[in-house]
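Let's take a quick tour of a protein chain, from its overall layout down to a few single residues. Have the picture open while you read.

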Amino acid sequence: MTRFNEKEQVAILWHEYYHSRFFPSLRHVFRRVQGRNATWTSEFEADAFSATKNSIDDCLSFLTQLKKLIKSRIIKNLGPRIEERIRRVRKLEKE
Ligand SMILES: [Zn+2]
């Protein structure tokens, strides 16, 4: 079962690529990392990377879909609040 469409999956890959390239040790290990704020920062940066290198619309689409899954309790919101991630990517549209 695919919850994300192709474009959203590409947006996720760009997000993950950022982690693997710039913060390999911080790849989605929120609970193990002591510097929680640092991890959150890399999460925002990974979103921004996906949005600017690939597509703002597709990144927003992926985050919106993620928000639905969090709201319906299918997955947990482990990183920074999803609303804050969406807000920051929306801000990139205006820059
Ligand atoms: Zn991430």
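Two residues count as touching, or in contact, if their C-beta atoms, placed from the backbone, lie within 7 Å. With that in hand, take S61: leaving out residues up to four places away in sequence, S61 touches K7, E8 and A11. Keep in mind that this is a predicted model, where local features need pLDDT of at least 70 and side-chain atom pairs count only at pLDDT 80 or more, while totals for chains, interfaces and linings use all residues. Residue numbers start from 1 along each chain, following the sequence as it is written.

**The overall layout**
- The protein chain has four helices and zero strands; here helices (H or I, at least four residues) and strands (E, at least two) are DSSP runs, numbered from the N terminus.
- Reading from the N terminus, the elements go α-α-α-α.
- Of the contacts in the protein chain with a separation of 6 or more, 70% are between residues 24 or more positions apart.

**What's inside**
- Buried residues make up 21% of the 95 residues in the protein chain. A residue is buried if 20 or more other C-beta atoms lie within 10 Å of its own, exposed if 12 or fewer, and partly exposed in between.
- A nonpolar core is a set of buried Ala, Val, Leu, Ile, Met, Phe, Trp, Tyr and Cys residues joined through C-beta atoms within 7 Å.
- The largest such core has 11 residues, namely A11, W14, Y18, A46, A51, C59, L60, F62, L63, L66 and V89.
- Helices α1 (6-22), α2 (36-53) and α3 each put at least two residues into this core, and α3 gives the most, with five residues.

**How α3 and α4 pack**
- Two packed helices are described by the angle between their axes and the distance between the axes.
- For helix α3 (residues 56-71) and helix α4 (residues 82-94), the axes come within 10 Å and cross at roughly 165°. Axes are lines fitted to C-alpha atoms, for helices over the stretch in contact, and angles run from 0 to 180 degrees between N-to-C directions.
- That is why α3 and α4 are roughly antiparallel to each other (angles over 145 degrees count as roughly antiparallel, under 35 as roughly parallel, 65 to 115 as roughly perpendicular and the rest as oblique).
- On the α3 side, the contact is made by I56, C59, L60, L63, T64, L66, K67 and I70; on the α4 side, it is made by I82, R85, I86, V89, R90, L92 and E93.
- L63 touches I82, R85, I86 and V89, not counting residues up to four places away in sequence.

- S61 sits in helix α3 and is partly exposed, because 16 other C-beta atoms lie within 10 Å. S61 and I86 are 25 residues apart in sequence, yet their C-alpha atoms are 9.4 Å apart in space.
- R88 belongs to helix α4 and counts as partly exposed, because it has 17 C-beta neighbours inside 10 Å. R88 touches F44 and D47, again not counting residues up to four places away in sequence.
- Is R73 buried or exposed? R73 lies in the loop between α3 and α4, and with 8 other C-beta atoms within 10 Å, R73 is exposed. Its phi is near 60°, a positive value in a residue other than glycine.
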